[in-house]
Amino acid sequence: MASTFRPHLLFLLLLPLSVTANLHKSKTLLKSSLLSSTTTSHLKDTPPTTYFEVTKPIRLPKTQPCVYPILHHDFGYTYGKPPVLANYTPPSHCPSHDFSKIVLEWNATCKGRQFDRIFGIWLDGVELLRSCTAEPRATGIMWSVKKDITRYYTLLVKNETQSLAVYLGNLVDRTYTGVYHVDITVYYYPAEKKFNDFESNLENLASGYGSRADLILPISRNFPLNDGLWFEIENSTDTEGKEIKIPQNVFRAVLELYVSFHESDESWYGNPPNDYLLANNLTDTVGNGPFREIVVTLDGNVIGAIWPFTVVYTGGINPLLWRPISGIGSFDLPTYDIEITSFLGNMLDGKTHTLQFRVTNALNVWYIDANLHLWLDGKSTYNEGKLLQHQVTPLGISYSSDFKGLNGTFLTKANRSISSTGWVKSSHGKITTTAIQKFSYGNSVVMRDNGNVQIVNQEIHFDDSVQVKKPYTFSKAKKSCKRFLIDLYSNNMDQGNKTYLSVANVTLGFNEKKFRVRDAGFKMPVSSLENLQNGQGIMVVKNNLVVRGVGSTQQKYRYEGNKFCYFRNISSSNYTILNDEVRNACNRRTRSSPGFGLSSRWLPSF
């Protein structure tokens with residue numbers, strides 16, 4: 001997992017339930033053995049391994065970028081210490097200060113033994129990147145993360161010195177020797193053409209792409225800190241957040257959430273219900289069932305929710321699966337937008353309001369913070385607004401358990417919808433915004449062979465739409481349909497002589513379709529992403545030490561947009577790339593290979 005140095009259950013799905021009381025000790029020995037398997041004579045001849053996450057390349061303008069190295073730091077013993085800080089000011093050496101693209105690049109190397117570590121980068125309290133480190137090997141590794149951060153444009157070009165903060169809690173001792181050597185660079189690409197700001201905002205909203213906010217407020221913790229700027233949600237009753245006051249000339253507001261889960265809840269999607277734990281006296285095994293929901297409130301009222309994608313970190317399930325192909329979203333964790341423009345009528349009063357987060361069924365620990373993106377009316381100092389409609393359906397959740405001893409089947413289903421409509425009157429006119437979120441969830445957990453076999457199948461449907469309308473005009477809207485999938489099989493087979501064989505197979509899927517929607521309800525496709533990953537891992541474990549093991553991964557990534565397409569089919573085994581096919585040309589025909597394509601349940605229905 002992305003370690004946070006509290007007692008946690010990394011190998012819950014790989015170790016027999018009967019030994020969960022010694023789980024923390026066991027997984028430490030397992031990882032130490034995995035990371036130290038290379039012989040000394042082999043070190044001199046083996047180059048560092050390059051790890052990577054499969055994703056589409058960032059579309060860049062043809063202009064030459066201005067390059068701005070911001071930070072070089074060696075993250076050694078940094079756990080429990082303040083974030084590393086650097087002064088940030090916009091680059092003054094660029095011939096143009098009108099940029100169409102700004103890209104953040106993280107480059108890191110490491111050698112030795114080390115856990116995977118969660119880390120974040122913030123500028124003036126606004127989070128720019130949430131990521132997980134790669135797990136090193138004795139011969140060394142390197143990896144790079146590139147992220148388009150143009151949506152933070154206003155913050156990045158602000159003509160004053162700001163504080164860039166990086167937190168990567170690492171521990172170095174005799175066992176864990178890996179130091180992360182990090183360079184952070186920002187690339188500024190001058191614009192090729194200009195747009196009308198307001199018309200661009202409306203067109204971007206309708207097309208499903210983000211536009212530049214005029215102000216971004218951080219919903220994160222303040223200094224001084226000996227940790228990241230994220231809030232920590234430790235249980236299901238824990239609520240964290242921040243008081244804010246927004247300018248009175250705002251006409252649009254979007255809340256962007258950063259979310260990651262760790263320790264007892266890293267594998268929340270496979271957690272058994274509490275009645276199973278109680279019946280079997282499993283006091284050291286995590287529970288609360290497999291359903292989680294991030295709930296966002298404004299002044300105590302629910303305004304949105306997130307049902308998150310199941311990111312598997314580079315040490316998760318079986319670390320050998322993610323070498324060198326990292327798990328979906330592990331190097332650039334997904335963020336989630338909630339349109340809250342409808343609620344501006346309650347916020348444009350010049351008073352302080354409270355935004356808060358909680359997690360249904362949470363166990364220790366979730367890291368959550370947010371960025372509030374605000375669009376300002378340059379021709380007005382005070383806008384009016386009114387919330388017309390706000391409906392939050394109660395969380396509909398059902399559980400069923402059928403177990404005897406340590407074997408059983410557990411089914412969980414859930415659904416919810418949240419909708420709001422409100423208007424804001426500004427110099428652009430009276431604009432009415434309707435935002436709708438719809439969620440559905442299904443999870444099956446099966447335990448067999450006295451709890452040594454666990455089978456998890458989970459799928460989340462997460463749809464949201466935003467419609468904007470001015471008087472006497474047609475409405476413009478965007479719709480996003482997401483499908484998150486995880487299937488997991490794990491088995492521990494006793495081999496005698498204090499040895500067992502650990503088998504883990506996993507499938508991860510992230511699918512999203514975006515549309516423009518017109519008044520008549522006609523949907524015009526904007527983009528489609530199908531990202532599916534399969535992994536198979538085997539480890540032979542003796543006396544809680546890995547004797548040998550191998551991990552294999554296959555991934556298909558297909559993105560199709562109106563002007564850009566990208567396809568990659570790649571596979572690896574035991575650190576070696578076996579196949580890598582890349583295409584940039586658009587092919588409108590959908591193809592799938594037997595045993596690795598998207599199943600019918602992955603195709604959104606309307």
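How exposed is Cys586, buried or partly exposed? Keep that in mind, everyone, while we go through the cysteines.

A word on the model: it is predicted, local features need pLDDT of at least 70, side-chain atom pairs count only at pLDDT 80 or more, and totals for chains, interfaces and linings use all residues. Residues are numbered from 1 along each chain as its sequence is written, and side-chain values use heavy atoms, with hydrogens and water left out.

A disulfide is a covalent bond between the sulfur atoms of two cysteines. Here, a disulfide is called when two cysteine sulfur atoms lie within 2.5 Å, and that rule gives 2 disulfides.

Let's start with Cys66 and Cys94, whose sulfur atoms are 2.3 Å apart. They link distant parts of the chain: Cys66 is in strand 3 (residues 66-75), while Cys94 is in the loop between strand 4 (84-88) and strand 5 (99-110), 28 residues apart. Strands are DSSP runs of E, at least two residues, numbered from the N terminus. Both cysteines are buried, where buried means under 20% relative accessible area, exposed over 50%, and partly exposed in between (1.4 Å probe, protein chains only).

Next come Cys565 and Cys586, with sulfur atoms 1.8 Å apart. Cys565 sits in strand 29 (residues 565-573) and Cys586 in the segment after strand 30 (576-583), 21 residues apart. This link is right-handed, with 100° about the S-S bond.

Back to my opening question: Cys586 is partly exposed, because its relative accessible area is 39%.

Finally, with the bonded cysteines numbered in sequence order, the pairing reads 1-2, 3-4.

How values were computed
Helices (H or I, at least four residues) and strands (E, at least two) are DSSP runs, numbered from the N terminus.
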